[in-house]
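Let's take a look at some charged pairs, a helix pair and a greasy bit of surface. Have the structure open as you read.

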Amino acid sequence: MIPLSIVIPTFNTAAMTLACCRAAIAAAPAESEVIVVDDGSTDGTCELLRTEVPELQIVRLDINRRFAAAANAGVAAAKGAIILLLNSDTRIDRETPAKLLESFVDDAKLGVAGAQLVDADGAPQWSGGPQPTLLWMAVMVSGIAHVLPRRKRTRGGDVGWVSGAAMAFRREAWNDAGPFSETYRFYAQDLELCVRARANGWHVRVIEDARVVHDGGATLRRARHVAQLPHDPSLLWLDLLSWGRAHYGRGWAWAARPLMFAAASLRILGRTLRGLFLRGDARRSSRSTTRVYAAALGQLFVEREQSAGQGFGREA
């Protein structure tokens, strides 16, 4: 067994995947492997990677099966004691793999470790958080999280979940808690895996000095037309409801849905009022984003029990 496997699922993100792979190969310790899972791409991803980075291992899926299935296929092919899962719109720092591996050595019960995601300018992104509660759901949907005091945010240490955009896990923890559920529309697979790992006694932690640049939403914006958002609220909110229903029960989901509806309505109202004072491109951009939230609001009372996918994969 080798020390580390880096697994990168991709779907129609050839240029971004190439940049991600080059960064991963440059950062990977000796005796490691980098595996790309091409989730049925039609943009020449495989051909580009085989030409530009022939040292890669490529797992090719004949049809698009979405992120969870692609990630599961990559992990199944991996030989590493530690597996690092990366989105194709990430670029890993050279020191990050070593810092992640060190964190697993230092804590024998560390099962899942998330990197600190950052924007291109170094500004930190949400990289993990507490296990969702009703209050957490309302805060997330309302959009007020960014105005909360910094101490309220999860910046490092033990957490309820870490982002699957840059998630490392011990193989034993994966054997206990994996694989990723393939029933969600787009999100919540990482949350579910972390919750299962913690229930089995593993620690879940954000490693603050393990940095990964993440262009959040780069592929999603193109596939789902969600303006400049880093996520699609229509899919995110419904997947979190599906997770909550499975984890807490139908009563929890029954209470969460109207609470989320009220929080989303307030968010849309606030954006609409603010848009009255904008002009030109700023106003058009604001209206476009508000329409995305309005569409998500309309989905909150549509009953969809973890329906099959929308014909695209998750890379963001």
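## A pair out in the open

Asp 281 and Arg 284 are both exposed in this predicted model. Their side chains meet in a salt bridge, with N and O 2.4 Å apart. Both residues sit in helix α11 (residues 280-299), three residues apart, which is about one turn of the helix.

One joins Glu 192 and Arg 196, at 2.6 Å from N to O. These two are four residues apart in helix α7, so about one helical turn separates them. Glu 192 is buried, because its relative accessible area of 16% is under the 20% cut-off. Arg 196 has 29%, so it counts as partly exposed.

Arg 211 and Asp 93 form a salt bridge too, with their closest N and O atoms 3.6 Å apart. This pair links distant parts of the chain, 118 residues apart: Arg 211 is in strand β11 (residues 203-214), and Asp 93 is in the loop between β5 (90-92) and α4 (96-106). There's also a network of salt bridges linking Asp 107, Asp 158 and Arg 205.

## Two packed helices

Helix α7 (residues 189-199) packs against helix α9 (residues 233-248) at an angle of about 25°, and their axes are 10 Å apart. That angle is under 35 degrees, so α7 is roughly parallel to α9. The crossing of α7 past α9 is right-handed.

## A nonpolar patch

Leu 266, Leu 269, Leu 273, Leu 276 and Phe 277 make a nonpolar surface patch of about 570 Å². Leu 273 is located in helix α10 (residues 250-275). Its relative accessibility is 45%, so Leu 273 counts as partly exposed.

Definitions and conventions: Residues numbered from 1 in each chain as written. Predicted model: local features only at pLDDT ≥ 70, side-chain atom pairs only at ≥ 80, totals over all residues. Heavy atoms only, no water. Patch = residues over 30% accessible without salt bridge, like charges linked within 9 Å, V, L, I, M, F, W, Y side chains within 5 Å. Areas by Shrake-Rupley, 256 points an atom, 1.4 Å probe, with all protein chains shown as cover. Salt bridge = Lys/Arg side-chain N within 4 Å of Asp/Glu carboxyl O. Buried < 20%, exposed > 50% of the residue type's maximum accessible area, 1.4 Å probe, protein only. Axes fitted to C-alpha atoms, helices over the stretch in contact; angles between N-to-C directions. Parallel < 35°, antiparallel > 145°, perpendicular 65-115°, else oblique. Left-handed = near helix turned anticlockwise from the far one by under 90°.
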